[in-house]
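Please examine the sequence and the three-dimensional structure shown below.

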Amino acid sequence: MNKAGYLLLAILIGQALIGCRSASGSLKVEDWTVTYNQQTNGVDIRKGKSTLWEGVYPSFKMDDELITPDDYATHSVSSQRHEDLFGKGKLYRVTHTGRGLPTLVQSFYVYPKRDFILTEFTIESEREISSNYMAPVNLDSFDGQIRRDEHCRILAIPFDNDKWGRYKSLPMPCKDVRSYEVTAIFNNESRRGTVIGSVEHDSWKTAVTVDRCSAEGIKGVRCYGGVADEQTRDSKAHGRLKGRVIKSPKILIGDFADWRDGMETYAEANATIAPPRAWEGSVPFGWNSWGVLQFGLTHQKAVEISDFFAEHLQRNSFISPDSTVYIGLDSGWNSFTEEQLSDFTKRCRRNGQKAGVYWTPFTDWGRDPERDFEDCPQYKYKDVYLYANGKPQELDGAYALDPTHPAVEEAMRKKSALFRKIGFEYVKMDFMTHGAMEADSWYKDDIRTGMQGYNYGMKLLDEYFKDMYINLSISPLFPAQYAQSRRIACDAWNKIKDTEYTMNALSYGWWLDKVYQYNDADHIVLKDAEESENKARVTSGIITGLYILGDDFSAGGDDEAKRRVAKYTTKPEINAIADGQSFRPVEGDGEMSEHLFVKSGRDGNVLLAVFNYSEKELNETVSLERIGLKAEKTYKVKELWSGKETTAQANLSYTVPPKDVLLFQINEGH
């Protein structure tokens, strides 16, 4: 090689190694610039002229020792064109090697016209390695170009919807925050925010921790796979992935002018990777027996309720956009004979309805280890449990079953065949979190983590029940691709506290209707509540997603509940709003729940729901610009529950009675 050749080779090597401060250390894709910083051993991410996140670095645990890029001797960068489900873009890689450690390859996926970057990393070795903690995003300081004042908030998202857990929008300063799968850090007044969260849910349970949240700002952010704690319902550490190559969860980190757009974009990214379970119908309207009847359910009551819906509600606008009503039997249906079940489903069909049923595929409520497993009697229940530290795992009064065990698959096969034979078309699947618990081991010896076990079982469930609508009740937030809908919170009944609890979940989890077909506000119960509470509870269902009632409408059921259901669920103008699309919050700083929810309706109108959860009258004014309208225009305003009409310009003023709701339809005046 001549002198010029050696010089060219030296330049190329220098550009590859980060010791050289060359332009090749950066990747630019439209407004995004990604640059490895040799001083911090992290990556700086800019958008336009602003550095949003400085010094992003990965970390992982091996033999319980935390390892970061600082532990490596050599660091190099490369970039290339890349195309995947998100479109064409660039892939930027930082590779860390040396000192006898596994090779660490940090990847950033950057796309034009996207407000987010995706990142992940692998650890690679010639021998088998293992880890139960991989954090693609570590920030030892956080800016995000978010204005620091009293309006700064941090979202805390629950792992599942069990035990009446709540979503939280926490003001700064605050104690250290742990959010599951995703968080948003934002200024509620300006709405600008950062969203960080996992978009893959095959192997890892992911959490985001925000530490040292002082008045001066945030000093630490971590997004990692490997969380296992009381909130994930685990009693032992997260399982270890093993192999010569181990991959972290893929993480979205995005910058958004409106944090609400950011949460919806996060949901859409998840749905891009794992599309929602297909559904050609519209949002379910109907009834579920667990509201009032519970274990008082009988065959006679079930058929009487089917008749009640046909005679009094379906012909008066309580019917889905595709002219369907679902009548669902919850826990207690197995007290019916098969002949009674078949008679019930036939009655539903005659009444223009579809019959629903209930099952808990990953639980043993009997908690008798020596009992034969009914659907696969060659095994005893003790053979099928998920054990932690040598003991069966109990949650909500039931032992957890191993989703990978052949007895569980056999139960799926038999139950789906039975439901299909009887004529059920809708199945409410409950207590699913049991199947995601970390365990000592699984029947399938290639399963290493609770999330891997859960995915294995849910794939089987999806296949065996492929021709039925699946609605998840108690379940993890993710994965979402195995069911058409999911309960947005835990159980809710009739009082204003139930409405507020449901609206807490809608306030900060409305975006889940982009990873599921619909959110489920749980059964709407009217009995033993004030009429204003009835109106609020019905509205909470309509603006969340599924529209499912829960009172006893049989011949012996409460007459007052029947009168009220006729009053509050047969208004065509209001029922037309129930298209399954969740309203989203106007604000994001409620101590418990937001009370203003908005959605763009048909024909260019805007729909606004205003709740009053208190015992006192609520008098307020909202800026029209804040709900997406123009201040200079005059709008026609109709409150749909009362029918009262007025106009508004710049602002809308209203008075909400105690424990009540107003539902406005706002159109541009002519």
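Predicted model: local features only at pLDDT ≥ 70, side-chain atom pairs only at ≥ 80, totals over all residues.

The following paragraphs take up confidence, strands, pockets and cavities in turn.

Across the protein chain the mean pLDDT is 94, and 96% of the residues reach 70 or more. Residues 1-24 form a stretch where pLDDT stays under 50. For this stretch the model has 19 contacts beyond four places in sequence.

Attention may now pass to strand β16, which spans residues 206-214. Of its nine residues, seven are buried, so β16 is largely enclosed by the rest of the structure. Strand β13, residues 177-180, pairs with β16 in the antiparallel sense over four bridges. Within that pairing, Y180 has A207 of β16 as its bridge partner. Strand β17, residues 217-225, is also antiparallel to β16, and eight bridges join the two. Here C213 stands opposite I218 of β17. Two residues lie between β16 and β17, and the two strands form a hairpin. In a regular strand, side chains alternate between the two faces of the sheet.

A separate open sheet is made of three strands in the order β23-β27-β26, with antiparallel pairing. The strands β23 (363-364) and β26 (394-395) stand at the edges; each has a single partner strand, so one side of each is left without a neighbour in the sheet. Between β23 and β27 (residues 398-400) there are two bridges, and these strands run antiparallel. Across from D364 stands Y399 in β27.

The largest share comes from α5, with three residues. This pocket holds about 830 Å³ of space. Its lining has 36 residues, and S331, Y358, T360, T363 and W365 are those that lie nearest the centre. By class, the lining of the largest pocket divides into 16 nonpolar, seven polar and 13 charged residues.

The second largest pocket has a volume of about 360 Å³. Among its 19 lining residues, E264, R584, V598, K599 and S600 lie nearest the centre. Helix α2 (259-273) and strand β34 (596-600) each supply at least two residues of this lining, and β34 gives the most, with three. The lining of the second largest pocket comprises five nonpolar, four polar and 10 charged residues.

The structure holds two cavities of 30 Å³ or more. In the largest cavity there is about 110 Å³ of space. Its lining consists of W287, N288, Y326, G328, Y426, K428, N471, D520, D522, H523 and I548. Three strands, β20 (285-288), β21 (325-328) and β28 (424-429), each contribute at least two residues to that lining. Four of the lining residues are nonpolar, four are polar and three are charged.

The second largest cavity has a volume of about 50 Å³. Residues lining it include P158, D160, N161, G165 and Y167, and also R486, I488, A489, Y501 and A505. Its lining has six nonpolar, two polar and two charged residues.

Methods
Residues numbered from 1 in each chain as written. Heavy atoms only, no water. 1 Å grid on protein atoms, 1.4 Å probe; cavity = no way out; pocket = protein on both sides within 12 Å on 5 of 7 lines; lining within 4 Å. Points joined across faces, edges and corners; volume = space filled by probe spheres on them. Nonpolar A, V, L, I, M, F, W, Y, C, P; charged D, E, K, R; others polar. pLDDT = per-residue confidence, 0-100. Contact = heavy atoms within 4.5 Å. Pairing = 2+ DSSP bridges. Buried < 20%, exposed > 50% of the residue type's maximum accessible area, 1.4 Å probe, protein only.
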